[in-house]
Amino acid sequence: MSLTEKPEETPERLAFYKKIDRLAYTPLWAVFADIITPQPKSDCVPNLWKFDQAREWLLEAGQLITAKEAERRVLILENPGMRGQSKITTSLYAGLQLVLPGEVAPAHRHSQSALRFVVDGSGAHTSVNGERTNMEPGDFVITPPWAWHDHGNHSDQPMIWMDGLDIPMVSFYDASFAEGLATDEQPISRQSGDSFARYGANMLPVDYQQRELASPIFNYPYSRSREALDIMKREQDWDPCHGLKMRYVNPVDGQFAMPTISAFLQLLPNNFNSIPYRSTDATVFVATEGKGRSIVDGETFEWEPRDIFVVPSWAWVNHESDSEAVLFSFSDRTAQLKLGFWREQRGQT
Ligand SMILES: [Fe+2]
């Protein structure tokens with residue numbers, strides 16, 4: 001028998017399978033090729049969501065339900081290959097959340113880790129563990145597992161951000177817990193910017209002891225990340241697959257900012273045409289600046305700012321830019337690295 005072929009189903013074998021099936025037995029040789037595949041085999045398919053359409057429907061949802069009644073007013077970006085499962089990849093969830101002026105998305109906490117990536121509007125805030133941060137376009141904000149968090153919008157414009165969570169991963173382990181707070185907004189006990197000052201200035205408090213896997217910084221401002229890319233690009237040191245790609249880190253241990261989710265920011269120079277790349281972490285991209293396209297296993301997805309697209313595990317992708325462009329992305333890479341099975345392959349020019 002080869003790894004990809006199934007043994008013949010003779011009448012005697014089928015009768016045997018039927019007999020043992022009654023008491024919950026299954027012959028491995030009948031399913032081996034389905035469950036241990038020579039290469040990743042996924043229901044996740046590549047797809048792109050245009051932001052203009054999303055924004056129109058989000059604002060329509062804003063007329064239908066309040067943020068408070070909805071708990072979170074979010075349109076889930078569901079992978080077309082996995083409809084009805086609230087997944088954008090096999091292991092990750094993504095959605096677009098709208099908070100209108102004056103609204104509050106009430107305080108709650110859960111086992112799942114969350115990231116926000118601000119796509120439209122400015123001046124709404126998220127509070128995490130007693131500290132409030134204002135959110136600006138391109139900011140990368142994290143909510144560690146079991147951290148209280150609520151959102152509010154004191155600005156005069158609608159605010160939309162992408163949520164990325166490890167919901168399918170936590171569900172896979174049957175480890176989901178969640179609870180609400182008695183009040184809509186959690187009490188604020190620390191000044192805004194406190195965690196960034198303590199942990200985001202290339203220093204740590206001298207006796208700091210790491211207690212959590214997630215980064216103690218919970219807002220990585222776009223202005224800082226973008227400035228870094230801008231300075232680095234002067235060296236013209238472009239990776240042929242990625243342009244100039246950085247990962248968001250936990251400054252305490254150098255790991256990714258979140259225990260289950262990796263996040264990245266990359267700059268593509270004008271007229272970049274990358275060589276193909278693939279990896280086992282299916283990746284969600286948000287086009288942040290510039291225009292271009294990504295070709296995923298031969299299918300072309302044209303993007304402009306705020307569009308979101310997904311590249312499945314082990315699918316070849318290459319990026320082309322028509323101008324200088326910035327892509328934010330996230331995946332489960334850090335989880336796969338810790339578990340020992342992450343793989344990547346760089347194509348040939
Ligand atoms: Fe939440």
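Contact, as used in this note, means heavy atoms within 4.5 Å. Helices (H or I, at least four residues) and strands (E, at least two) are DSSP runs, numbered from the N terminus.

1. Basis of the note. This is a predicted model, in which local features need pLDDT of at least 70 and side-chain atom pairs count only at pLDDT 80 or more, while totals for chains, interfaces and linings use all residues. Residues are numbered from 1 along each chain as its sequence is written, and side-chain values use heavy atoms, with hydrogens and water left out.

2. Sheet. An open sheet is formed by six strands in the order β1-β19-β16-β21-β14-β13, with antiparallel pairing; two strands pair if DSSP finds at least two bridges between them. At the edges stand β1 (47–49) and β13 (244–247), each of which pairs on one side only. From one strand to the next, the twist averages 20 degrees. Axes are lines fitted to C-alpha atoms, for helices over the stretch in contact, and angles run from 0 to 180 degrees between N-to-C directions.

3. Pairing of β16 and β21. Strand β16 (residues 283–289) and strand β21 (residues 325–331) run antiparallel and are joined by six bridges. Glu289 has Val326 of β21 opposite it.

4. Helix on the sheet. Helix α7 (residues 222–232) lies across β13, β14 (262–268), β16 and β21. Its direction is at about 45 degrees to β14.

5. Iron site. Three histidines are the protein donors of the iron ion: His108, His110 and His149, each through NE2, at 2.1 to 2.2 Å from it. Donors are N, O and S atoms within 2.8 Å of the metal (3.2 Å for Na, K and Ca); water is not among the atoms, so sites may look incomplete. Along the chain, the donors follow the spacing H-x1-H-x38-H. Both His108 and His110 are buried, that is, under 20% relative accessible area, where exposed means over 50% and partly exposed lies in between (1.4 Å probe, protein chains only).

6. Cysteines. The structure holds zero disulfides, a disulfide being a pair of cysteine sulfur atoms within 2.5 Å. Cys44 forms none because its sulfur is 20 Å from the closest cysteine sulfur, in Cys241, too far for a bond. Cys44 is buried, with a relative accessible area of 6%, and Cys241 is buried at 2%.

7. Phe341. This residue lies in the loop between α8 (333–339) and β22 (344–346). Leaving aside neighbours within four places in sequence, Phe341 is in contact with Thr280 and Gln336. Phe341 and Thr280 are 61 residues apart in sequence and 8.4 Å apart in space, C-alpha to C-alpha.
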